[in-house]
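Reader: I'd like to learn how to read a helix in a model. Can you walk me through one?

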Amino acid sequence: MSKNVSVWSSISFWRRSAAWVTGFAVVLLIWLTFDTMGQITMGNDDDLQNGVTKRVPAPTVINYHITYEMSTKRGHEVPVIGKKEPFFGKEWSVQEAAGLLHLGKLTSQAKNCMNCHTLLGNGAYYAPDLTKAWLDPAWSADGPMLAMTGKSTKEEAMAEFLQHPSKYPTHARMMPDLGITATEAQGLVAFLKHMSSIDTNGFPRNFGKEQGDTNAH
Ligand code: HEC
């Protein structure tokens with residue numbers, strides 16, 4: 001009886017390989033789960049005050065100026081949290097900011113913004129992607145939306161638009177009036193500002209080239 005059997009046809013070799021591969025995959029998945037949890041856990045107010053960058057900053061990020069800047073190292077734009085700025089004319093405490101953001105999130109669900117818009121990759125493509133809407137140049141000091149709404153700050157202009165979108169048609173498609181109250185509009189704007197501060201690895205792609213160009217839609 002010859003023992004000269006190729007390793008490729010040895011059953012015990014494949015059994016052992018299967019056990020090793022399964023074991024390795026389990027360890028890798030557990031490690032990735034913990035790594036992801038660390039990356040997506042919301043930062044806190046101390047992080048913001050100490051300039052610690054978190055992928056998902058604390059709700060009090062609404063008290064800061066946010067810009068979108070090209071990172072040559074990463075090859076795409078990243079949100080950069082700058083100096084403090086008033087939001088609806090004041091600085092929001094940790095509790096107030098969390099409450100406002102919560103109201104905005106609930107309102108976005110109740111009014112089903114995702115039915116037309118995309119938020120963080122989820123939703124529809126009927127209307128502009130809202131993930132970085134706060135950074136859309138159309139709402140900047142020299143953009144058309146402040147002049148159109150007659151407001152002097154970005155947050156007031158957005159809140160006014162959200163309450164009466166049909167009064168401010170900018171593109172061929174119009175956003176319908178959804179019966180949003182003044183308080184809900186403030187919450188939604190906080191929700192949009194917070195969302196824009198989340199590091200989404202450059203998604204949606206080509207934001208900035210498409211947005212703010214009122215002829216592009
Ligand atoms: C029925 C579809 C529809 C729904 C629902 C809807 N929108 Fe819109 N929205 C639009 C359309 C269309 C536009 C583009 C209108 C324009 O620019 O004149 C728009 C524009 C916007 C803009 C301006 C985007 C930019 O980058 O300048 C914001 C902000 C916005 N919507 C927020 C919301 C929020 C928040 C909700 C949920 C409360 C919502 N929308 C629900 C259709 C919708």
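**Reading helix α5**

Author: In α5, the buried residues are Lys154, Glu155, Ala157, Met158, Ala159, Glu160, Phe161 and Leu162. Buried means 20 or more other C-beta atoms within 10 Å of a residue's own, exposed means 12 or fewer, partly exposed is in between, and C-beta atoms are placed from the backbone. Helices are DSSP runs (H or I, at least four residues), numbered from the N terminus, and strands are E runs of at least two. This is a predicted model: local features need pLDDT of at least 70, side-chain atom pairs count only at pLDDT 80 or more, and totals for chains, interfaces and linings use all residues. Residues are numbered from 1 along each chain as its sequence is written.

Reader: How many of the ten residues of α5 are buried?

Author: Eight, so helix α5 (residues 154–163) is mostly covered. The cover over its buried residues includes α4 (144–149) and α6 (182–196).

Reader: Which residues touch the most other members of the largest nonpolar core?

Author: Nonpolar side chains tend to be buried together in soluble globular proteins. Here, Met158, Val189 and Leu192 touch the most other members of that 28-residue core. A nonpolar core is a set of buried Ala, Val, Leu, Ile, Met, Phe, Trp, Tyr and Cys residues joined through C-beta atoms within 7 Å. Two or more residues each come from α3 (94–110), α4, α5 and α6, and α6 gives the most, with seven.

Reader: What does Met158 touch, not counting residues up to four places away in sequence?

Author: Trp139, Val189 and Leu192. Contact means C-beta atoms, placed from the backbone, within 7 Å.

Definitions and conventions
Contact = placed C-beta atoms within 7 Å.
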